[in-house]
Amino acid sequence: PRGDALYGFLGNGSDIMEACPGGGQWLDAHYDPVACVNTFSSCVALADLSGDGENRLVVGDVGGSGGMKLKVFGGTALLSDSSLLDLPAGLAAFFMDLHEPRIPAVAVASGPSVYVYKNLRPYFKFTLPGSEVNVLEQDVWQQVREGHIDHVTLKEMLESIRKQADVPLSVRSLHFLSLDAAATDEFVQLHKQQPIRRQTVITCIATLKKSTADEDGVSCLVIGTESSDVYILDPEAFIILSKMSLPDAPSMMDVTGQFDVEFRITVACRNGNIYILRRDSDKPKYCIELSAHPVGLVRVGKNVVVGCMDESLQAFTQKGKKLWSVVLPAPVTTMASMDLPTRGFQAVLVGLANCEVHLYRDKNLLSTIKTPDAISSICFGRYGREDGTLIMTTKSGGLIVKILKRTAAFEDRDGAHGPPPAQSIRLNVPKKTKLYVDQTLRERDCGAAMHRAFQMDLSRLRLAATKAYVKALESSLTPMSSSLTEPLKMNAVVQGLGPSFKLTLNVQNTAACRPVMNLAISFLYDESLYRMRNPYMRIPLLVPGLVYPVETFVECTSDKGISDIIKVFVLHEGRSVPLLTAHINMPVSEGVTLN
């Protein structure tokens, strides 16, 4: 069913169950693949814009074939659309005052301004205060205005300022630097008489209850900006009530509490961290470091659930302690909360790139919804007069409306990797035996003596190990050099069955950045048993970190079937004290080389 018929169903949820039968927990109410709705979850809201008890869908369309618009849907019909001047970064519905009838306003964050609509008509425009302008940049443009320098010198000086200055350049200067050489003179003549301004832009927007937690209570606007600041605006006068700073530009936020009592603002920033702001501080109170950059941020109760770019869903407490993590089958495209106060049910909706929407309560997968296309935005709440309505938009511009069945019951399907549910079942632990009780009493009575005996044995073990280590260093029998100036490492490999063996020595310089040179390898062996082609070899310059193989051949000249040790010395040329010594146990030869 479509059109007015469906709009009636949304007003009477009992009828739609017979009209749209379907399996699972959701009813397929509406799907329009050509609705031309291009938006994100931050630009979607549900609100009663007429005061008649029926919620409408408000969408900030980022633009397609029809341009950037503010659209309002009722049922399946598009009720109105208004053009927007700039790309919307976020949208929020909030109550500005206590006047009757209780109709919320709509705030659209676009560029450096917040456009407030009341009764779907423009009501107020708030523009962020300007940022500090670079002093050197002002001086350069002043010299251009007075004719002291030309456009070529201007470009060189602005390039130098951009590399060295702490304060970023204005939009005008950045635009000038991006132009071709042929267009720079015309740009300078057009803009040189205008004053320089540096204006930040809004990246995210949310609402904060002012004094009461009522659903229709007056709310303040919370704005995150590109200049790494968070502003809280008064809902009536639209003045800045509070300003807080972040280490990086915010990308998404979640707000809870009341401004006059206590509140928390959870902000995900572009540096991959999540910061928590509180009422009593203008700096972040806690910091949560993520394994990857966040894609979605949802608060469930007192916990924060984050979807990351490494295809994982993670949960944290308000103080940053990690609770759990779930590996997802595909990248996250969008997230939203699912809150049903009448059932006391809270969960997280996660849109995935494989055309699925997963419903999670804690780390348990409750439901999976298949969609015809990848989801770009999700919104759950009251639509029309139906409380449990799920509204989704697709990347191709489609609109999907699903309604939760009143008989729906979600069962935990633990799809997360981890211990099985049976592990939480208590074991039938046998009763304490007499031996266990006696041992416990002994440990309680003789605990100090047992601890002293253990510490004595541990000290003796450490002493023996230290003596053995010192002896090995003094006799140079370790594969690691004890010299701090020439840190070397060597291992040997013997290949062959005999009488000829291939001996490979792998030498490595373990220093951080200093090469080693002028080294040689010398072999000491029983000449009645073995013969070597090269008993003395030079080693090339050793670059730190690389392994250099040194190969030679050993021939067994004895027919007695015995073997011996070949000693290897690594030393500086012209010196007799070795840096490194190794003993190679040669295998027994299967034959003999006749002299």
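Biologist: Which helices do the buried residues of α6 pack against?
Modeller: In this predicted model, they pack against α3 (135-145), α4 (151-164) and α5.

Biologist: Which residues of α6 are buried?
Modeller: Helix α6 spans residues 181-191, and its buried residues are Thr184, Phe187, Val188 and His191. Viewed down the α6 axis, the buried residues fall within an arc of 100°, so they line one face of the helix.

Biologist: What does the face of α6 turned away from the buried side carry?
Modeller: That face carries exposed residues: Ala182, Glu186 and Leu190.

Biologist: Where is Ser173, and why is Ser173 called buried?
Modeller: Ser173 lies in helix α5, residues 171-177. Its relative accessible area is 0%. Buried means under 20%, so Ser173 is buried.

Biologist: What makes the pair Ser173 and Trp141 a polar contact?
Modeller: Their side chains come to 3.1 Å. The cut-off is a pair of N or O atoms within 3.5 Å, with one able to donate a hydrogen and the other to accept it. The side-chain pair is therefore a polar contact.

Biologist: Which residues does Ser173 touch, not counting residues up to four places away in sequence?
Modeller: Ser173 touches Glu137, Trp141 and Leu158.

Biologist: What is the mean pLDDT of the protein?
Modeller: The mean is 84, and 90% of the residues reach 70 or more. Over residues 1-9, however, the pLDDT is below 50; this stretch has 20 contacts in the model beyond near neighbours in sequence. Residues 11-23 also stay under 50, with 18 contacts beyond four places in sequence.

Technical notes
Residues numbered from 1 in each chain as written. Predicted model: local features only at pLDDT ≥ 70, side-chain atom pairs only at ≥ 80, totals over all residues. Heavy atoms only, no water. Helix = DSSP H or I, 4+ residues; strand = E, 2+ residues; numbered from the N terminus. Buried < 20%, exposed > 50% of the residue type's maximum accessible area, 1.4 Å probe, protein only. Contact = heavy atoms within 4.5 Å. Arc of directions from axis to C-beta. pLDDT = per-residue confidence, 0-100.
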